[in-house]
Each structure stands twice: as structure tokens, then as C-alpha cells.
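Please have the sequence and the model side by side before reading on. The paragraphs below follow the strands and their partners.

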Amino acid sequence: MRIYLYLIAGLTSALMGWNIGQFFISDLKILTVFPFPEMILFPCVAVSLAMGMILNEILISNPTRISLCLRKVTKPLLIALGLGIGIGLVSGGLSAILLQPSLSIPPLLIRVLAWLLIGLAVGLAEGLSWRWQTIEAGDPQRFWKRLIISILGASLASLLAATLFETFRHSISGTILKNAEDPIGFSLLGILLGLTFSLTNSPSYLIALRAGAGFEYTTDTEEDYDYDDQEEETDQTEEEIRDTLPKILYPRINNPVLKFVSRSQGRRIEEGLSIQLPNNRKIAKLTIGSEVNADIYIPHLPPQIATLKLESRQTLLVPTKKHFKQIFINGRRIPNSDPVALKHNNLIAFTTQEDPESIHEKKTYRFIYYNRFLDPQA
């Protein structure tokens, strides 16, 4: 379905851009004062394709949140408008200049260059606009990777479309389709761009835990301790050292492999942040608890309340046998310590007290498990 939507969006956008260009050229008679049709047609096609691809990506990524989509399209569409007009004018201007008979440049090379620039405009607009579509773009590495892929993919699609179009032009020479070669050619360009973006912009299947209630930010701080040095100097056990720590501690990620989706620095877990779990199997499991060296450290919980086992096709939550009663999945206490296969959008809750009737204050920490980021800003 995703591919079909991209193909339809590419075809529709290309034809719409061509028709808008024909409106300026034929209906408004703009060529009487500006005799360069390429400088009218190419910007229209570039703008229409760029806007169409961006709108399609936003709507597909947020199919149930139309109002949210409409609120965040302004900047991406302005980017598409600016780049489409600017690079489209360059493409049209070069075509108008290089097609002069006195230069004797093969028209085929000129048309291929013009279409390449249109594809470059669409890819650049789509890649840059991604910054306002997802929190994933907060990671500079992912943003630049996505931008480069969009530009290269769109450029290659444009080259392929131009090559196929030139073959098509020669095959229909002298036939009734000769008068329709431009809309057919731009339709081919739109279809190939749509196909390319359907592949390069596929959903990010990131495994992540999104912090929810219980991880509200406070101004509490934790003093830095070197536990190994402390043990050497005092011969205290780790448990004895922990007893000397400040009572107010903050949740954090300790494993250097872990990072937040929206930012590349910092280790404090705060509500709304998503912890990106490794999907390249650098590590096979992650520990959760109040143990000093736990991969995901959460104060006031048992030293190790559970383990996340990362397998090739699933993630298992493995509760500790003594503390499984302090773990809830989608609001229900798990019945035993058997591993639980996590599913997309599962709500995982860890409580500091096993007995709900306990006189001690109980605190709950909640995560939402994701295995795909179709709508990471939701």
C-alpha cells in the first residue's frame, strides 16, 4: 500500500505541476513578455513534485492525525516552494541558454541535465524538511544520512527517467502521441521519484523505550562516585557504599551503547525521551534496576528488576523471579517470571513496592515499547 500511495502521489504531483505550467504559458500568455517556456514549466513541476512528496510522507507517517499533519507542514512546504522555484529556474535557465543553436550542444544532454536538477530540488527539499517531521532528525548522523540518501535517490531516479523518456520520444516520433510527450515524460519522472522515496523513506524500525509518567524532570542531582576506588579505600561493599549516597537519585542510562533518539548527548532519562535500543546486536541483553551499573538505572527499584533480551526478531522482557510482581504490562500485573515478548505500543510499568497495601510510598515508572517509529512525535 505504501508503494502505491507514493506512485500515485508522484504521478499526480507531476501532472499537476505540468498543468500549472501550461496555465501560465497558454492561458496567461506569459510567453509574450517572457519567451522562455522552460523557465516557467520546470519550476512549476519541481515545486509540485517537492510539495507532493513531502505531503505524502507526512500523511503516511501520521495517517490517524490529520490535524497534527496540517499543523507541521508550513515549514516543509516553504522549503519545497523555495528550492523548487530556485533550482527550477536554474534548470529552465540553463535549458533556455544551452538550447541556443549557436552552441551546438546535443538537446539530449541538456534535457538530462534539466531533469537531474529537478530531481535534485525534490530530493533536497524532502531531505531538509524531514527535520520538522520527526524527532529522529535530532540525531545529526541520522539527519545527514537521510538527506544524502534523499538527494542521491532522487537524482538517480531523475537520470533514469530522462534516459527512458529519450527512448520513448524516439519511439513515438511521427505518431499521435507526439503531442503528449511532455506530460507523459513528467508522469514517468513523478512515478520513478515516488518509487524511489517509497524505498528510501521506509519507516524506521527502531527498537526504543519511550519514558512516560514517573520520569518527570526535577532539579535533583546525584553526586559522582567512583565505586571501585571507594571500595579500595574503605573496603566497603557496593551495598554499603550505596547506603552513603544521597537519597535523591535520578534515572539514567549507563551503557554507552544506549542513546536517546532525539539527542546524541546526555544520559538522564526524562519523560518524553525515547531510549534507542541497539538493533545491530552489539549487546544481547540490558539490565534494568537500581544496581549502580545497571544499563537502565532507575532509583528505588530492586537492584535488578528485569532484563531486556534483544533477539533478532523480538525483544523479551525477562523479570527477576523475586520481583515479577512489581512489573505491569498494559496495566496488568504479570502472573509469573516467564519472559514476555514485547509488542509495539506495549505499556511497561515498574513499581517500587510489591504490596499495594504497603505503608511505604509507592512510585511507578512507565515506558512505552516501540519497534517501529511511524509517528515518533505522537
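Gly 289 has Tyr 297 of β6 as its bridge partner, and this contact belongs to the parallel pairing of strand β5 (residues 285-289) with strand β6 (residues 296-297), which are joined by two bridges. Strands here are DSSP runs (E, at least two residues) numbered from the N terminus, and two of them count as paired if DSSP finds at least two bridges between them. The model is predicted, so that local features need pLDDT of at least 70 and side-chain atom pairs count only at pLDDT 80 or more, whereas totals for chains, interfaces and linings use all residues. Residues are numbered from 1 along each chain as its sequence is written, and side-chain values use heavy atoms, with hydrogens and water left out.

Both strands lie in an open sheet of six strands, ordered β2-β6-β5-β7-β8-β11, in which the pairing is mixed. Because β2 (252-253) and β11 (340-341) stand at the edges with a single partner strand each, one side of each has no neighbour in the sheet.

Another open sheet has seven strands in the order β3-β4-β1-β13-β12-β9-β10, with antiparallel pairing. Its edges are β3 (259-260) and β10 (332-333), each with a single partner strand, so one side of each is left without a neighbour in the sheet.

Within this sheet, β4 (residues 274-277) pairs with β1 (residues 207-211) over four antiparallel bridges; Leu 209 stands opposite Ile 275, and Ala 208 opposite Gln 276. Gln 276 is also the bridge partner of Lys 259, in the antiparallel pairing of β3 with β4 over two bridges.

In a regular strand the side chains alternate between the two faces of the sheet. In β4 both faces are covered, since Ser 274 and Gln 276 on one side and Ile 275 and Leu 277 on the other are all buried, that is, under 20% relative accessible area with a 1.4 Å probe and protein chains only, where exposed means over 50% and partly exposed lies in between.
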